[in-house]
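Me: I would like to learn how to read a protein model with some care, one feature after another. Could we go through one together?

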Amino acid sequence: MFSNIGGKIKRLATAISVIGIGLSVICGSIMIIAGANSGGAMVGTGFAVLIVGSLVSWIGSFFVYGFGELIENTTVIAELAAKADAEKNKAE
(Lines give C-alpha, C1' and ligand atoms only; values in the text may rest on other atoms or scores of the structure.)
Protein backbone atom coordinates (compact mmCIF):
# COMPACT_ATOMS: atom_id res chain seq x y z
CA MET A 1 0.00 0.00 0.00
CA PHE A 2 2.80 2.42 0.82
CA SER A 3 5.45 1.01 -1.47
CA ASN A 4 6.49 3.23 -4.38
CA ILE A 5 4.64 6.19 -2.85
CA GLY A 6 6.48 8.67 -5.08
CA GLY A 7 5.14 7.00 -8.21
CA LYS A 8 1.64 6.91 -6.77
CA ILE A 9 1.77 10.63 -5.96
CA LYS A 10 2.92 11.36 -9.51
CA ARG A 11 0.07 9.27 -10.97
CA LEU A 12 -2.39 11.07 -8.67
CA ALA A 13 -1.09 14.45 -9.88
CA THR A 14 -1.57 13.37 -13.48
CA ALA A 15 -5.10 12.09 -12.80
CA ILE A 16 -6.13 15.25 -10.95
CA SER A 17 -4.77 17.38 -13.79
CA VAL A 18 -6.63 15.40 -16.46
CA ILE A 19 -9.87 15.46 -14.44
CA GLY A 20 -9.53 19.19 -13.75
CA ILE A 21 -8.87 20.01 -17.39
CA GLY A 22 -11.76 17.80 -18.48
CA LEU A 23 -14.17 19.41 -16.03
CA SER A 24 -13.04 22.89 -17.06
CA VAL A 25 -13.63 22.08 -20.72
CA ILE A 26 -17.05 20.55 -20.00
CA CYS A 27 -18.21 23.37 -17.71
CA GLY A 28 -16.83 26.06 -20.00
CA SER A 29 -18.50 24.51 -23.03
CA ILE A 30 -21.84 24.26 -21.20
CA MET A 31 -21.56 27.90 -20.15
CA ILE A 32 -20.71 28.98 -23.71
CA ILE A 33 -23.65 27.04 -25.15
CA ALA A 34 -26.05 28.30 -22.46
CA GLY A 35 -24.80 31.86 -22.94
CA ALA A 36 -25.22 31.66 -26.71
CA ASN A 37 -28.80 30.45 -26.29
CA SER A 38 -29.70 33.15 -23.76
CA GLY A 39 -28.30 36.20 -25.45
CA GLY A 40 -24.54 35.89 -24.87
CA ALA A 41 -24.27 36.87 -21.23
CA MET A 42 -22.20 33.84 -20.17
CA VAL A 43 -20.11 33.31 -23.28
CA GLY A 44 -17.12 35.31 -21.97
CA THR A 45 -17.31 33.63 -18.58
CA GLY A 46 -17.48 30.25 -20.31
CA PHE A 47 -14.31 30.99 -22.27
CA ALA A 48 -12.61 32.16 -19.07
CA VAL A 49 -13.58 28.97 -17.23
CA LEU A 50 -12.41 26.88 -20.18
CA ILE A 51 -9.00 28.56 -20.47
CA VAL A 52 -8.19 29.63 -16.90
CA GLY A 53 -9.58 26.46 -15.32
CA SER A 54 -7.49 24.27 -17.61
CA LEU A 55 -4.34 26.29 -16.92
CA VAL A 56 -4.88 26.27 -13.15
CA SER A 57 -5.38 22.48 -13.15
CA TRP A 58 -2.28 21.95 -15.25
CA ILE A 59 -0.01 24.33 -13.32
CA GLY A 60 -1.33 23.14 -9.95
CA SER A 61 -0.35 19.58 -10.80
CA PHE A 62 3.30 20.66 -11.17
CA PHE A 63 3.69 20.99 -7.41
CA VAL A 64 2.17 17.61 -6.55
CA TYR A 65 4.09 15.89 -9.36
CA GLY A 66 7.32 17.58 -8.22
CA PHE A 67 6.72 16.36 -4.67
CA GLY A 68 6.33 12.79 -5.96
CA GLU A 69 9.53 13.15 -7.97
CA LEU A 70 11.32 14.48 -4.88
CA ILE A 71 10.22 11.46 -2.85
CA GLU A 72 11.33 9.03 -5.59
CA ASN A 73 14.76 10.65 -5.88
CA THR A 74 15.21 10.77 -2.10
CA THR A 75 14.42 7.06 -1.89
CA VAL A 76 17.02 6.28 -4.56
CA ILE A 77 19.63 8.40 -2.79
CA ALA A 78 18.92 6.69 0.55
CA GLU A 79 19.22 3.24 -1.04
CA LEU A 80 22.51 4.14 -2.72
CA ALA A 81 23.89 5.62 0.52
CA ALA A 82 22.92 2.48 2.47
CA LYS A 83 24.57 0.29 -0.17
CA ALA A 84 27.75 2.38 -0.14
CA ASP A 85 27.81 2.30 3.66
CA ALA A 86 27.41 -1.50 3.68
CA GLU A 87 30.26 -1.88 1.17
CA LYS A 88 32.46 0.44 3.22
CA ASN A 89 31.80 -1.53 6.42
CA LYS A 90 32.42 -4.82 4.57
CA ALA A 91 35.79 -3.56 3.30
CA GLU A 92 36.94 -2.60 6.79
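Predicted model: local features only at pLDDT ≥ 70, side-chain atom pairs only at ≥ 80, totals over all residues.

Me: How many residues does helix H1 have, and what does it reach from its first C-alpha to its last?

Reply: A helix can be checked by setting its span beside an expected value. Helix H1 covers residues 5-37, which is 33 residues, and it reaches 47 Å from its first C-alpha to its last, close to the 48 Å expected at 1.5 Å a residue. Just after H1 comes Gly39, whose phi is positive, at about 105°.

Me: Against which helix do the buried residues of H1 pack?

Reply: They pack against helix H2, which spans 43-91. The buried residues of H1 include Gly6, Gly7, Ile9, Lys10, Ala13, Ser17 and Ser24.

Me: Is Ser24 buried or exposed, and which residues is it in contact with, leaving aside its neighbours within four places in sequence?

Reply: Ser24 counts as buried because its relative accessibility is 10%, and buried here means under 20%. This residue belongs to helix H1, and, leaving aside neighbours within four places in sequence, it is in contact with Val49, Leu50, Gly53, Ser54 and Ser57. The side chain of Ser24 also reaches the backbone oxygen of Gly53, at 3.4 Å.

Me: How many aromatic pairs are there by the rule for rings?

Reply: For rings, one looks at the distance between centres and the angle between planes. The count comes to 1 aromatic pair, formed by Trp58 and Phe62, which are edge-to-face, with 4.9 Å centre to centre and 70° between the planes. Both residues lie in helix H2, 4 residues apart, which is about one turn of the helix. Trp58 is partly exposed at a relative accessible area of 43%, and Phe62 is likewise partly exposed, at 45%.

Me: How many salt bridges does a search of the whole structure find?

Reply: Side chains of opposite charge can pair when their charged atoms come close. The search of the whole structure finds 2 salt bridges. In one of them the side chains of Glu69 and Lys10 meet at 2.8 Å, N to O, and this pair links distant parts of the chain, since Glu69 is in helix H2 and Lys10 in helix H1, 59 residues apart. Lys10 also forms a salt bridge with Glu72, with the closest N and O atoms 2.9 Å apart; Glu72 lies in helix H2 and Lys10 in helix H1, so this pair ties together parts that are 62 residues apart in sequence.

How values were computed. Residues numbered from 1 in each chain as written. Heavy atoms only, no water. Helix = DSSP H or I, 4+ residues; strand = E, 2+ residues; numbered from the N terminus. Expected span 1.5 Å × (residues − 1). Buried < 20%, exposed > 50% of the residue type's maximum accessible area, 1.4 Å probe, protein only. Contact = heavy atoms within 4.5 Å. Polar contact = N/O pair within 3.5 Å; in protein donor to acceptor, adjacent residues only side chain to side chain. Phe/Tyr/Trp six-rings, centres within 6.5 Å; stacked < 30°, edge-to-face > 60°. Salt bridge = Lys/Arg side-chain N within 4 Å of Asp/Glu carboxyl O.
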